[in-house]
Amino acid sequence: MSLINDDLQDLLIKYCEPESELLQNIDRETNLKVLMPRMLSGHYQGRVLSMLSKMNSPKRILEIGTFTGYATLCLAEGLTADGLIYTLDINEELEDMVRKSFSESEYRDKIKYILGDAAKTITSLDEVFDIVFIDADKKNNGTYYDLIFERVRPGGIIIVDNVLWSGKVLQEKQDKDTKNITNFNDKIADDERVDKLILPVRDGLFVIRKK
């Protein structure tokens, strides 16, 4: 899913912060035991998420789509001393693996891991968020965006993953999944309430700042 060749990817990793041992273990276990391990953020994208979090010093983060918890821990690195990250997922089969990883992290007391329908959970959270990371079922990107928008503080950022969809967004004839991604990208491009920028990191990160 990376848009950058392997040699350049290796160079980028050489010049960024190393992974922690826990993150290395999550990467290894995900690739060994979990279907579709490519969904994991991985070293370089994880460092990008960590950097964005540290630059914002968030008190509250919302992550939609936990998977095996790699990105959760990267985002948590920037939390304030009293900060919390809520991470939402629907896959109960990964729960034990995820909870074990979180329990081994220095951020374990800052993580609220919630299983269930994210669209329902979001409406029950009485929080204002500094950062939201959307990395779940792509067809609902627009739905999640609309649900969380008023819950993001002015100046807060929304990050959406996989918006370049392995380059398929360049194709004139698009399948249903690709069209959903393109429609979402167009929606953000037309939204005058935000500043926006796509970073060609891995499969594309849309960084959106609420004005």
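## Before we start

Residue numbers start at 1 in each chain and follow its sequence as written, and side-chain values rest on heavy atoms, with hydrogens and water left out. As the model is predicted, local features need pLDDT of at least 70 and side-chain atom pairs count only at pLDDT 80 or more, while totals for chains, interfaces and linings use all residues.

Helices (H or I, at least four residues) and strands (E, at least two) are DSSP runs, numbered from the N terminus.

Let's begin with helix α5, residues 95-103, whose buried residues are Val 98, Ser 101 and Phe 102. Buried means under 20% relative accessible area, exposed over 50%, and partly exposed in between (1.4 Å probe, protein chains only). These three residues sit on the same side of α5, because they cover an arc of only 100 degrees around the axis; the arc is that of the directions from the helix axis to the C-beta atoms. Asp 96 and Lys 100 are exposed on the other side.

The buried residues of α5 pack against α2 (21-33), α4 (70-76), β2 (84-89) and β3 (111-115).

## The nonpolar cores

A nonpolar core is a set of buried Ala, Val, Leu, Ile, Met, Phe, Trp, Tyr and Cys residues joined through side-chain atoms within 4.5 Å. The largest one has 31 residues, and Leu 49, Phe 133, Ile 159 and Leu 205 are among those that touch the most other members. Elements giving two or more residues to this core include α2, α3 (42-56), α5 and β4 (129-134). Helix α4 gives the most, with six residues. Apart from this core lies another, of 24 residues, among them Ile 122, Val 132, Val 160 and Phe 206.

## The largest pocket

A pocket is an open set of points on a 1 Å grid over the protein atoms alone, where a 1.4 Å probe fits, with protein on both sides within 12 Å along at least five of seven lines; lining residues have an atom within 4 Å of a point. The largest pocket holds about 890 Å³ of space. Of its 33 lining residues, Met 36, Met 39, Ala 136, Asp 137 and Lys 138 lie nearest its centre. Strand β2 and helix α8 (176-189) each supply at least two residues of the lining.

## A buried arginine

Arg 60 lies in strand β1, residues 60-64. Arg 60 is buried, with a relative accessible area of 15%. Its contacts (heavy atoms within 4.5 Å) include Asp 82, Tyr 86, Glu 127 and Asp 130, leaving aside residues up to four places away in sequence.

Key. Points joined across faces, edges and corners; volume = space filled by probe spheres on them.
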